[in-house]
Amino acid sequence: MYATAVCAGAAAWTAARRDPAPRRAWVLFVVGAPERNRWGAWPSAVPAFFRGRHEWLCAPVAVLLAVLGESVLPLVAGAVAVPLVRRWLGARSRRGKRERAADAVMALCGAVVGELRAGREPGQALLVAARGAGEALGGAEAAVLAAARFGGDVPGALRQAAGTPGRDGLAGVAACWRVAVDGGAGLAAGLDRLEGALRADRRRREELRAQLAGAWSTVVVLALLPVAGLGLGAALGADPLRVLLHSPGGLACLAAGGLLETVGLIWARRIVRAGEAG
């Protein structure tokens, strides 16, 4: 049973990680042609329902624990864990998208400055720079480029694009554009200073994230201590799963431990989030 648990955990970890070497080998020697999807070049035999839905990895873990502990409680816990893990993964994905959008806005500022200093007009500079800006303009890209191409309200379109997450810097671009058009100020100089401010803000965020990495590591280690205790008890032959899942005292300890674990994680998360907000 322990060997089965180790093999199942290794299979789940291999499926969740993104190592390009096994995928590349599969494509070259089995599939024969690259097939791109949300998981990269995974074989088409993987069901479409599970592609990109890593929260469903909780299901095999719950089934394994239910078989080892001969109880349905792990299945219930797995069913509860799936939406929670999905919510956590969604929040992490949205945070990553915001950071990529902020980096794209910073790159857009630098590209526009380069085009302006090369002698292009502001509208042409924005059109050329937007081609390599990636996610800088988001869903308002068509409106911004149309305004730049046909002499429309570029600052208004930029302010509209700044309302999406991660693109707050576009409001500064709109302000610089408005001042340059109405007051005759240098657009390149303003965008250069704006890029420097955005770059400094990103550097501060990275430094803060590095400082909080130790706190997050401590939280993860403390959260995994009960799991390590269960593994140690199983190694000593105490059969902790049977005690926890098939005795009144074990069920009480399981409920109390789960409650304390949840409260501790929420408390630690609030502390770390307060540090990030500061």
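Arg120 is partly exposed, with a relative accessible area of 39% (buried means under 20%, exposed over 50%, and partly exposed in between, with a 1.4 Å probe and protein chains only). Arg120 also pairs with Glu115 in a salt bridge, where the closest N and O atoms are 2.7 Å apart (a salt bridge is a side-chain nitrogen of Lys or Arg within 4 Å of a carboxyl oxygen of Asp or Glu). You are looking at a predicted model, in which local features need pLDDT of at least 70 and side-chain atom pairs count only at pLDDT 80 or more, while totals for chains, interfaces and linings use all residues. Residues are numbered from 1 along each chain as its sequence is written, and side-chain values use heavy atoms, with hydrogens and water left out.

**The overall fold**

- The protein chain has 11 helices and zero strands (helices are DSSP runs of H or I with at least four residues, strands are runs of E with at least two, and both are numbered from the N terminus).
- The protein chain has 278 residues, and 28% of them count as buried.

**The nonpolar core**

- The largest nonpolar core holds 34 residues (such a core is a set of buried Ala, Val, Leu, Ile, Met, Phe, Trp, Tyr and Cys residues joined through side-chain atoms within 4.5 Å).
- The residues with the most contacts inside this core are Leu108, Val112, Leu126, Leu137, Leu158, Leu170 and Leu191.
- Two or more residues of this core come from each of α4, α5 (122-130), α6 (141-150), α7 (154-161), α8 (169-183) and α9 (187-235).
- Helix α4 supplies the largest share of the core, with seven residues.
- As background, nonpolar side chains in soluble globular proteins tend to be buried together.

- Leu116 sits in helix α4, and Leu116 is buried because its relative accessible area is 15%.
- From Leu116 to Gly186 there are 70 residues in sequence, but in space the two are 9.8 Å apart, C-alpha to C-alpha.
- Ala161 belongs to helix α7 and counts as buried at 1% relative accessibility.
- Ala161 and Ala143 are 18 residues apart in sequence, and their C-alpha atoms are 9.0 Å apart in space.

**Salt bridges**

- The count comes to 11 salt bridges.
- One of them joins Glu99 and Arg209, with the closest N and O atoms 2.6 Å apart.
- This pair links distant parts of the chain, since Glu99 is in helix α4 and Arg209 is in helix α9, 110 residues apart.
- Glu99 counts as partly exposed at 29% relative accessibility, and Arg209 is partly exposed too, with a relative accessible area of 43%.
- Asp239 and Arg242 also meet through their side chains in a salt bridge of 3.2 Å, N to O.
- Salt bridges with shared partners join Glu70, Asp239 and Arg242 into one network.
- Both Asp239, with a relative accessible area of 36%, and Arg242, at 39% relative accessibility, are partly exposed.
- In general, side chains of opposite charge can pair when their charged atoms come close.

**A closer look at Asp239**

- Asp239 lies in the loop between α9 and α10 (240-246).
- The phi angle of Asp239 is near 55 degrees, a positive value in a residue other than glycine.

**Patches on the surface**

- A patch is made of residues with over 30% relative accessible area and no salt bridge, with like charges joined within 9 Å and nonpolar side chains (Val, Leu, Ile, Met, Phe, Trp, Tyr) within 5 Å.
- Accessible areas come from the Shrake-Rupley method with a 1.4 Å probe, and for residues only the protein chains shown count as cover.
- Arg87, Arg94, Lys97, Arg98 and Arg269 form a surface patch of positive charge (Lys and Arg count as positive and Asp and Glu as negative, while His and the chain ends are not counted; the place of a charge is NZ of Lys, CZ of Arg, CG of Asp or CD of Glu).
- Helix α4 (residues 73-117) gives the most to this positive patch, with four residues.
- Arg98 is in helix α4 and is partly exposed, with a relative accessible area of 38%.
- Val63, Val67, Val72 and Leu75 make a nonpolar surface patch of about 350 Å².
- Leu75 is in helix α4 and is partly exposed, with a relative accessible area of 40%.
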